[in-house]
Amino acid sequence: MGYHRGPDQHAEHDRGQVIRERISDRIADLTEPMTTRETQWLLSADGVRLEPRPLVTEYPPLIEQLAQVIGGSTAGTSSSGYDSQPPGSLDAVDCLRTIRRQSRWWVRRALQSEPGTLAQDLVTIGSRAHELDAGDLGCLDRDVLRWWAQARIVTTWDTAPLKPNVPCMVCSKRGGLQVRLDPLAAVCRHCGSAWDSTTIGILGEHVRLAMADPIPELETTR
């Protein structure tokens, strides 16, 4: 007689697969270069019409961007020759240290392996997440979400994150929430809680009720 999964087992398997893919995608953002492609309209050579020109911007992995924010060097270079020069950031130092410390724990304690460089540890975690049970996988998913969301927000020096002046729904402290719209991510700088596009609705409703105003009215000053 062959073995067949029941409905609950199928659901658990599918849920685990979704979580592992989510972890893998976020770790890829942390460890692999990223490229954005946009269309820029410029005057033609004869100056009589507009022509579409491709604008390709290449960014290093998020963990490298964090290191560059700390050192004040360029984290994005476009094909147009325009460079962005971010300021130094204590938030970047804290974020990078947190990722390094927690990723080493996962490699050593949960995966019973010897830690290496930060990038190596993150790749190990992503490639071996399938070895974890459901409970540990859920904890890893939450940790990786915090790493990814905080890195996304800290490395966005060209556009200030939204800063709703309301208490965090987790730690209840005011002034720590920061939201980035593209890609959608939010963090609390006080307790480290993080939200992405799948959970941001819960936070958005909390902010709406706390402010009695729609999300577009969020404060955008640093």
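Biologist: Is Trp-41 buried or exposed?

Modeller: This is a predicted model, in which local features need pLDDT of at least 70 and side-chain atom pairs count only at pLDDT 80 or more, while totals for chains, interfaces and linings use all residues. Residues are numbered from 1 along each chain as its sequence is written, and side-chain values use heavy atoms, with hydrogens and water left out. A residue is called buried under 20% relative accessible area, exposed over 50% and partly exposed in between, with a 1.4 Å probe and protein chains only. Trp-41 has a relative accessible area of 54% and is therefore exposed. The residue belongs to strand E1, residues 34-43, where strands (E, at least two residues) and helices (H or I, at least four) are DSSP runs numbered from the N terminus.

Biologist: Which residues make a nonpolar surface patch with Trp-41?

Modeller: A patch takes residues with over 30% relative accessible area and no salt bridge, joining like charges within 9 Å and nonpolar side chains (Val, Leu, Ile, Met, Phe, Trp, Tyr) within 5 Å; a salt bridge is a side-chain nitrogen of Lys or Arg within 4 Å of a carboxyl oxygen of Asp or Glu. Here Trp-41, Leu-43 and Leu-50 make a nonpolar patch of about 370 Å², with areas from the Shrake-Rupley method, a 1.4 Å probe and, for residues, only the protein chains shown as cover.

Biologist: What does Leu-140 touch, leaving out residues up to four places away in sequence?

Modeller: A contact means heavy atoms within 4.5 Å. By that rule Leu-140, in helix H5 (residues 134-154), touches Ile-23, Trp-106, Ile-125, Ala-129 and Leu-132. Ile-23 is 117 residues away along the chain, yet its C-alpha atom is separated from that of Leu-140 by 8.0 Å. Leu-140 itself counts as buried, because its relative accessibility is 0%.

Biologist: How many disulfides are there?

Modeller: A disulfide is a covalent bond between the sulfur atoms of two cysteines. The rule used is a pair of cysteine sulfur atoms within 2.5 Å, and the count comes to zero. For Cys-168, the closest cysteine sulfur is that of Cys-188, and at 3.7 Å the separation is too far for a bond. Cys-168 is buried, with a relative accessible area of 2%, and Cys-95 is buried as well, at 1%.

Biologist: Which strands are joined by bridges to E5?

Modeller: Two strands pair if DSSP finds at least two bridges between them. Strand E4 (residues 177-181) runs antiparallel to E5 and is joined to it by five bridges, with Leu-177 having Cys-188 as its bridge partner and a hairpin of two residues leading from E4 to E5. Strand E6 (residues 194-196) is also antiparallel to E5, through three bridges, and there Ala-186 stands opposite Trp-195. Five residues lie between E5 and E6 in their hairpin, and Gly-192 in that turn has a positive phi of about 85°. Strand E5 (residues 184-188) is largely enclosed by the rest of the structure, because four of its five residues are buried.

Biologist: Where does Gln-112 lie?

Modeller: Gln-112 is in the loop between helix H3 (90-110) and helix H4 (118-128). Its phi is near 55°, a positive value in a residue other than glycine, and Gln-112 is exposed, with a relative accessible area of 66%. Ser-172, in the loop between H5 and E4, has a phi near 70°, again positive in a residue other than glycine, and counts as exposed at 55% relative accessibility.
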